[in-house]
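Please open the model in your viewer and keep the sequence panel beside it. The tour below goes from one selection to the next and says what can be found at each stop.

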Amino acid sequence: MLQSLRLCLASMLLVVPALGQAQSATSAAPDPSRITLVIHGGAGTITRALMTPEKEQAYQQALNQALDAGYAVLKRGGTSPDAVEAAIRIMEDSPLFNAGKGAVFTHDGRNEMDAAIMDGRTLAAGSVAGITVVRNPIRAARAVMEQSEHVLLTGPGAEQFAREKGLDIVEPGYFYTEARHQQLEKALAEERKPGTPDQLNAPSAAPEKGKAKIKAGKAQGAVLPNEQIFTEGKKYGTVGAVALDQFGNLAAATSTGGMTNKRYGRVGDAPIIGAGTYADNQSCAVSCTGWGEYFLRATVARDVAARMEFAGQAVGAAAQATIDKVGKLGGDGGLIAVDAKGNIAMPFNSAGMYRAYIRASGERKVQIYKNE
């Protein structure tokens, strides 16, 4: 018996160092030259024709601010989850994007938001759906990832959890913006027209040239010229970020208000791990934006990673092939991705996508339209 006990203890001593080595191998030696951050602010029928210079400048500024926030985290040695959260919070606080402050309205006139975050080092993930009072949904998603045994919390339960964790809770009216309200009014007016099918899953479609009718004044359903970008076709204003930190670890995060005029507690792909958000150090980090029903069916974010992991495709080829698959199914939108070497991809099949990246050298690019 004593001899057996000695053998057991010896085996445990051999195993413990091995476990320690496996854990330390999850992070590479620090190398500041590898840091990379990519963000998106949504995809859809975003065209120069209906984008005013003032609105374009506003988007450029907001995207740069988000880049700066995430980049500052990475430069000072922060982790990729810290960086993507920082970038997302800037966009959630801006009324320009369909996330947080700028979230669109549901059919019932509410703002229901979803968010997700995933750590590529550990595959830990957290997400929330259908929340209405948490100022920064991405913070709630991260709290779920780090302070609970769950991955996805929804509705009142998610809000109770956020309160218990001390997150910023606001009145629902905080999320109101006039432009988004007008967007809902327009959708409801279209829906009331005789013979109009259910608009819940209507695809993106740019208006025919010369067909846009903008009237002066503020009548119900009217949209002022400087608000056109909010109501131009179907714009999927989801925001997202993916990052590679100096330790070689990846992370992805996504936040959205969903689709204007959505009903029945509809949840899209953004908070669903593997559909709208995914990160794995063995492949890549991905955040999606687009017609969520199709991104869900195609498990887009995981599909990109799987193409890399099992088919040996580069991140650019894998991302493009997956977006092509979405298009063949009938969906539109785009994604951003970064791999463990800092290679990036930003494919989309819509008219435009707000997107930007920054590298360790400070090289950055902000783009909006298709041919940039």
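A residue is called buried when its relative accessible area is under 20%, exposed when that area is over 50%, and partly exposed in between, as computed with a 1.4 Å probe on protein chains only. Helices (H or I, at least four residues) and strands (E, at least two) are DSSP runs, numbered from the N terminus. This is a predicted model, in which local features need pLDDT of at least 70 and side-chain atom pairs count only at pLDDT 80 or more, while totals for chains, interfaces and linings use all residues. Residues are numbered from 1 along each chain as its sequence is written, and side-chain values use heavy atoms, with hydrogens and water left out.

**Colour by confidence**

Begin by colouring the chain by pLDDT, the predictor's confidence in each residue, from 0 to 100. The mean over the chain is 85, and 81% of the residues reach 70 or more. Now select residues 5-25, where pLDDT stays under 50 and the model has one contact (heavy atoms within 4.5 Å) beyond four places in sequence. Then select residues 199-234, where the pLDDT is also below 50, although this stretch has 72 contacts in the model beyond near neighbours in sequence. Where pLDDT is low, the predicted coordinates should not be read in detail.

**Helix H5**

Select residues 155-164, which make up helix H5, and show the side chains of its buried residues, Gly-155, Ala-158, Glu-159, Phe-161 and Ala-162. Because these residues cover an arc of only 160 degrees around the axis, they lie on the same side of H5; the arc is that of the directions from the helix axis to the C-beta atoms. What do the buried residues of H5 pack against? They pack against strand E3 (125-131), helix H4 (137-147) and strand E4 (152-154). After H5 comes Gly-166, whose phi is positive, near 75 degrees.

**Glu-85 in helix H3**

Next select Glu-85, which lies in helix H3 (residues 80-92). Is Glu-85 buried or exposed? With a relative accessible area of 11%, Glu-85 is buried. Leaving aside residues up to four places away in sequence, Glu-85 touches Ile-138, Arg-139 and Arg-142. Its side chain also makes a polar contact with the side chain of Arg-142, at 2.8 Å; a polar contact is a pair of N or O atoms within 3.5 Å, where within protein one must be able to donate a hydrogen and the other to accept it, and residues adjacent in sequence count only if both atoms are side-chain atoms.

Move to residues 113-119, strand E2, where seven of the seven residues are buried, so the strand is largely enclosed by the rest of the structure. Met-113, Ala-115, Ile-117 and Asp-119 are buried on one side of E2, and Asp-114, Ala-116 and Met-118 are buried on the other. Two strands pair if DSSP finds at least two bridges between them. E2 and E3 run antiparallel and are joined by five bridges, with Ala-125 in E3 as the bridge partner of Met-118. These two strands form a hairpin with five residues between them, and Leu-123 in the turn has a positive phi of about 65 degrees. E2 also pairs in the antiparallel sense with strand E7 (residues 250-256) over six bridges, and here Ile-117 stands opposite Ala-253.

**The four-strand sheet**

For the last stop, show the open sheet of four strands in the order E8-E9-E10-E11, where the pairing is antiparallel. Strand E8 (277-279) and E11 stand at the edges with a single partner strand each, so one side of each is left without a neighbour in the sheet. Strand E9 (residues 284-290) and E10 pair over seven bridges, and Ser-287 stands opposite Ile-336 in E10. Select E10 (residues 333-339) itself, and seven of its seven residues are found to be buried. E10 and E11 form a hairpin with four residues between them, and Gly-342 in the turn has a positive phi of about 90 degrees.

A search of the whole structure finds zero disulfides, a disulfide being a pair of cysteine sulfur atoms within 2.5 Å.
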